[in-house]
Amino acid sequence: GYAAGEAARPRAADAGGEREGINADAAAAVLLAAALPSSGHPPGSVARYDSPPRRTKLPSKEDLERWVTKTVECSEFGVLRLGPFEDGIVVEIVDAWYGIRGDIARQIDATLWVMERYSPKDGLRIQDFNTLFGDPAPLRLKRMCIEYRLRNVKAKPHDVSRAKYSESLSSHLGLFPIIVAKSLSNLVGATIAAGGLYAGRVHVAAKNLVSDRPCDVADSEIFQAGFSSWLRLNGIFPAVEYEPLADGRRAEDMKLTPLIVSNHMCYLDGPVLAAIFGAPKIIAMKGTLNTPLLGSMAQEIGVLEVDRGDKESRKQALQAISGHVDSWKVGSRPLLLFPEGTTSNGDSLLPFKKGAFSPGVPVRPVVMTYTGSWHPANVNFKTNSHGEVVSTGDVEWCEQFLGHIFHSLVVKVLPPYEPNAEEKADPELFAANVRNTMSEAYTQLKRDVEARQQEEGLWQVAAKGVATMTSPLKKAWDVVGGIWQDGKPAEQQAQEAASVDKERRGSRFRRRDNRFPPSS
């Protein structure tokens with residue numbers, strides 16, 4: 001491993017060796033061009049500590065546009081995965097570090113280490129970073145970050161964002177005050193979410209003392225309200241519409257089917273739907289449960305971890321889905337899945353993978369569309385102001401997300417889809433038919449939203465999502481007021497209620513006597 005105080009080694013290209021897929025000039029150009037550099041060290045520097053910056057010749061604009069710049073990172077408790085990618089795609093490792101973001105003195109340069117161990121066939125999987133590199137900042141939360149570039153990536157239509165990104169210096173500066181404000185509100189939201197987590201545990205413990213049917217923390221209205229408040233303090237305001245059910249069941253009940261399937265556009269989809277639907281279970285990558293705060297929440301809602309770096313990850317996912325379906329009962333929390341398998345720009349639904357439909361059980365289809373001024377689709381390309389398709393990445397996405405105050409969306413919940421005998425026997429047919437149903441509903445939803453925006457205006461549509469903000473908070477407050485009563489025996493509750501009712505009646509009679517005295 002690398003010692004924390006050890007001087008960083010030079011880049012591979014600076015050491016005099018020509019390696020396949022490594023280009024020092026191109027790497028420096030990417031660091032110069034990045035809107036928010038992930039590492040924070042001078043572009044082109046050959047060492048991480050006390051070394052003077054060295055400028056390199058920049059490649060042409062045409063050369064840069066052939067590349068897609070991406071960043072992958074995780075906390076010190078997680079597992080970082082990079083690749084493998086499709087055949088024909090060339091990967092260049094630009095930079096890799098472990099430590100504190102923005103603090104060069106507490107970062108360890110892992111670029112050479114990553115370059116030497118990345119395999120085009122198997123990719124790269126890293127964990128236990130303190131063991132590998134040493135601890136550059138004891139008792140501090142650290143991150144592992146790899147910046148890389150891909151060449152020969154074709155811009156597919158669904159992989160090009162339709163959002164308008166900030167390009168000029170003035171527009172970037174205009175985002176700065178909003179980014180600062182949202183960073184502070186996010187800190188407040190995280191505090192509320194943490195408080196909701198621990199208060200939810202107390203609430204559930206009190207309820208389980210007197211209830212015949214034990215419940216989980218994820219079922220607590222306090223926990224759900226705390227998590228929802230965190231989202232809303234980030235400017236995320238969903239509006240939900242439910243199609244009525246013909247059989248008389250409550251359309252708002254999301255525990256009618258073991259699985260919920262939804263279209264997928266960005267990182268926000270999972271947290272938003274989890275907050276709306278009462279914390280359904282979710283399949284996440286291995287290491288999620290080790291993340292501070294989010295890991296605790298994920299554990300409480302029953303997140304199912306799958307090691308996506310493992311060649312058997314698809315098999316693990318199918319096993320996780322089957323295990324959930326086998327143990328599910330009516331009234332239990334469902335499992336939320338995104339059958340498209342990746343994100344898109346939201347123009348239309350991608351073909352569905354058959355994994356969610358292999359068990360042959362009913363599913364609850366959900367479609368959603370974002371209605372804010374900036375569409376938060378997580379894709380690899382965007383269209384600039386000149387109409388050119390250029391690459392984009394997570395760093396730019398985070399800048400735009402934090403730089404916009406509101407992110408409104410409309411979610412429409414369809415009736416449960418019951419598979420027939422033919423669909424149960426053929427998961428691909430089942431998936432295709434559900435996709436057709438959801439695609440029609442999604443197209444109609446976008447038309448309705450567009451017409452609504454023209455009639456009411458964008459802010460009025462967003463206001464309907466904002467109006468839902470007070471609902472979970474009020475519900476949580478009502479629950480907090482009833483925690484102590486929930487913890488009392490049922491007989492004591494009944495006696496106290498009868499006593500209060502008797503007192504109220506007597507008080508009402510006395511007021512009547514005082515107001516209308518008997519005539520002499």
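Analyst: Contact here means heavy atoms within 4.5 Å. This is a predicted model: local features need pLDDT of at least 70, side-chain atom pairs count only at pLDDT 80 or more, and totals for chains, interfaces and linings use all residues. Residues are numbered from 1 along each chain as its sequence is written, and side-chain values use heavy atoms, with hydrogens and water left out.

Start with Arg-162. This residue sits in the loop between β7 and α5 (169-210). Helices (H or I, at least four residues) and strands (E, at least two) are DSSP runs, numbered from the N terminus. Setting aside neighbours within four places in sequence, Arg-162 is in contact with Pro-157, Asn-345 and Asp-347. Asp-347 is 185 residues away along the chain, yet the two C-alpha atoms are 8.7 Å apart. Their side chains form a polar contact of 3.0 Å. That term covers a pair of N or O atoms within 3.5 Å; within protein, one must be able to donate a hydrogen and the other to accept it, and residues adjacent in sequence count only if both atoms are side-chain atoms.

Next, the strand β7. It belongs to an open sheet of three strands, ordered β7-β14-β15, with mixed pairing. β7 (160-161) and β15 (389-391) are the edge strands, each pairing on one side only. Strands pair if DSSP finds at least two bridges between them. β7 and β14 (residues 381-383) run parallel and are joined by two bridges. Val-160 has Phe-381 of β14 as its bridge partner.

Another arginine, Arg-81, lies in strand β2 (residues 80-82). Its relative accessibility is 14%, so Arg-81 counts as buried. Buried means under 20% relative accessible area, exposed over 50%, partly exposed in between (1.4 Å probe, protein chains only). The Arg-81 side chain reaches the backbone oxygen of Val-79 at 3.3 Å.

Last, helix α6. It holds 13 residues, 221-233. From first C-alpha to last, α6 reaches 18 Å, close to the 18 Å expected; that expected span is 1.5 Å times one less than the number of residues. Ser-220 caps the N-terminal end, with a side-chain oxygen 3.2 Å from the backbone nitrogen of Ile-222. Because 10 of the 13 residues are buried, α6 is largely enclosed by the rest of the structure. Among the buried residues are Phe-223, Phe-227, Trp-230 and Arg-232. Just after α6, Gly-235 takes a positive phi of about 85°.
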